[in-house]
Amino acid sequence: MERRDVSVAIIGAGMSGILTAIKLREAGIEDFTIYEKADRLGGTWRENTYPGIACDVPSHLYSYSFAPNPEWSHHFAPGAEIQAYFERVARQYEVDGLIRFNQEIVRCAFLGGRWQLETERGERSEFDFVIAATGVLHHPNLPEIPGLEGFEGSCFHSARFDHDVPLRGRRVGIIGTGSTAVQITSALVDEVADLRVFQRTAQWIMPQENPVYDEAEKAAYRDHPEQMQRLRDDLSRLFSEAFSNAVVDADSPQMHLIEETCRANLEQSVADPELRERLRPDHRAACKRLVISPDFYQAIQRPNAELVTDGIERIEPLGVRTRDGRLHELDVLILATGFQADRFMRPIEVVGRDGECLDSKWADRPAAYLSISIPEMPNFFMLNGPNGPVGNFSLIEVAELQLAYALQLIDWVRSGRCKEVSPSADVTERFDAERTEAARNTVWATGCRSWYLDDRGIPAAWPWTFDRFREAMAQPDPAAFEMA
Ligand code: NAP
């Protein structure tokens, strides 16, 4: 059979979009376009610039497998360094020049065997394949608190941090106690005059220090890349065994160890018994995404910090009014209230072969076969899509495995085996039923509210081990797909 050339549209120039461009070229596919709605690459790391931002996946694991970085400054790299890393890799692999910045895709429709894409400006182009590399935690969740619009100070979401607003010596409020709020709290407490953290639900906190890599270590990684590879392999194994595989089995010994560590952290770090009880979660550790911080408890006990646990009644022009009647007067209010984790590539209007659009397919909730593809959406693949291993793994590793799988499907078309490939509805339904059943054994289902849960309260993330994910991604099963 004759091989045919194919064209690919990549939507998004974040971690997985850059990865896709590099790997497509490596696979001999030169005809691709990267659409990016912003004016800079980097995705999450471009958008999240709040004080204290760092990745809680170890730096040498949170790197492309093909672009190790001996220069990481810390065991858990600061956000700006990660952003610089992606910019450097994109330059090094010469894909940065291929990004069409400020071009938001608003519509993708499968017509006559090809994907027709339309940008916000109304420009249209056709491609054989689409790879949606649009990220997971991308759409800020703005709380519906009465009076928010009337606040007279400065107010912004953590992913839209306004660095023009002065913070030094001012009264700052933070709504939320997730990973983001905790990092901001530790970073700001010594700078501001008064810090109020509005906690709706207490969180378990893993006291993980973040040491620097000294010059000798960096030189060793520079001169001996095999040492860096060994470190990465060790971290990957440790991370999987001690954490990622533990959370999918709520009764595992590792899970109990995590719980004990978090409990000891609370008991040993918080002196005042009344504050300690207000910081004590009523759910199991890691039910919500485990928060990693070596110093949040220390920060919240500073004289200028206050943990506010009375519910928020409304926002007033001067500050936050809590249900006990107190007005917490503020100059700045930071909404560290998380993201709408079920949006994925929406609001793009994606219309499949059957004329049905994604919003209607996902009317109940997002679903996809092995997180990558959707019935009747041929030649359309998602990276870090629904039901994937999100939250407890390096999303870079996840995206690399998913892309390698998608490239094999693309190869079915390039080799002439078929023109269109999409998962069958039956197989997709079966997968969804199995993963829903397995989700009940995970720690995320042990009784708490979190962004892992869908509208039914069932965890949406990959509910099995990472090894199982790796196996699933090794090779597509032709029996699972419809070919046309
Ligand atoms: P998040 O974990 O979803 O936390 C949102 C926080 O806002 C929660 O404390 C939530 O309270 C609170 N909240 C939301 N709506 C509220 C309302 N109307 N009134 C009062 N409180 C409200 O969001 P995030 O902290 O941005 O983190 C999201 C994810 O990003 C993390 O789980 C993690 O996967 C990733 N992340 C990682 C890092 C890192 O690598 N270190 C850093 C930041 C983020 P409830 O708990 O009561 O819902």
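Helices and strands here are DSSP runs, numbered from the N terminus. With that numbering, P347 falls in the loop between strand 17 (332-335) and strand 18 (349-351). The model is predicted.

**The ligand and its shell**

- The shell around the ligand holds 23 residues, and D56, T180, T201, K288 and W451 come nearest.
- By class, that shell divides into nine nonpolar, nine polar and five charged residues.
- Helix 4 (residues 179-188) gives the most to the shell, with three residues.
- Where does the ligand's shell lie relative to the domains? Domain 1 (8-139 + 340-483) and domain 2 (148-209 + 237-335) both give residues to the shell, so it lies between them.

- The side chain of T201 has an N or O atom 2.4 Å from an oxygen atom of the ligand.
- For T180, an N or O atom of the side chain is 2.6 Å from a ligand oxygen.
- For R449, a side-chain N or O atom is 2.9 Å from an oxygen atom of the ligand.
- How much of the ligand does the protein bury? Taken alone the ligand exposes 910 Å², and the protein buries 86% of that.

**The cavities**

- The structure has three cavities of 30 Å³ or more.
- The largest cavity has a volume of about 40 Å³.
- Its lining is made up of L61, S236, F239, S240, S244, F393, S394, E397 and F466.
- Four of the residues lining the largest cavity are nonpolar, four are polar and one is charged.
- Which helix gives the most to this lining? Helix 6 (residues 225-247) does, with four residues.
- Domain 1 (8-139 + 340-483) and domain 2 (148-209 + 237-335) both supply lining residues, so the largest cavity lies between them.

**Two backbone details**

- Most peptide bonds are trans, and most residues other than glycine have a negative phi.
- The peptide bond from R346 to P347 is cis, with omega near 20°.
- N379 is not a glycine, yet its phi is positive, near 55°.
- Where is N379 placed? N379 sits in the loop between helix 10 (358-361) and strand 19 (380-382).

Key
Residues numbered from 1 in each chain as written. Predicted model: local features only at pLDDT ≥ 70, side-chain atom pairs only at ≥ 80, totals over all residues. Heavy atoms only, no water. 1 Å grid on protein atoms, 1.4 Å probe; cavity = no way out; pocket = protein on both sides within 12 Å on 5 of 7 lines; lining within 4 Å. Points joined across faces, edges and corners; volume = space filled by probe spheres on them. Helix = DSSP H or I, 4+ residues; strand = E, 2+ residues; numbered from the N terminus. Nonpolar A, V, L, I, M, F, W, Y, C, P; charged D, E, K, R; others polar. Domains from an automatic or database assignment. Near = heavy atom within 4 Å. Polar contact = N/O pair within 3.5 Å; in protein donor to acceptor, adjacent residues only side chain to side chain. Areas by Shrake-Rupley, 256 points an atom, 1.4 Å probe, with all protein chains shown as cover.
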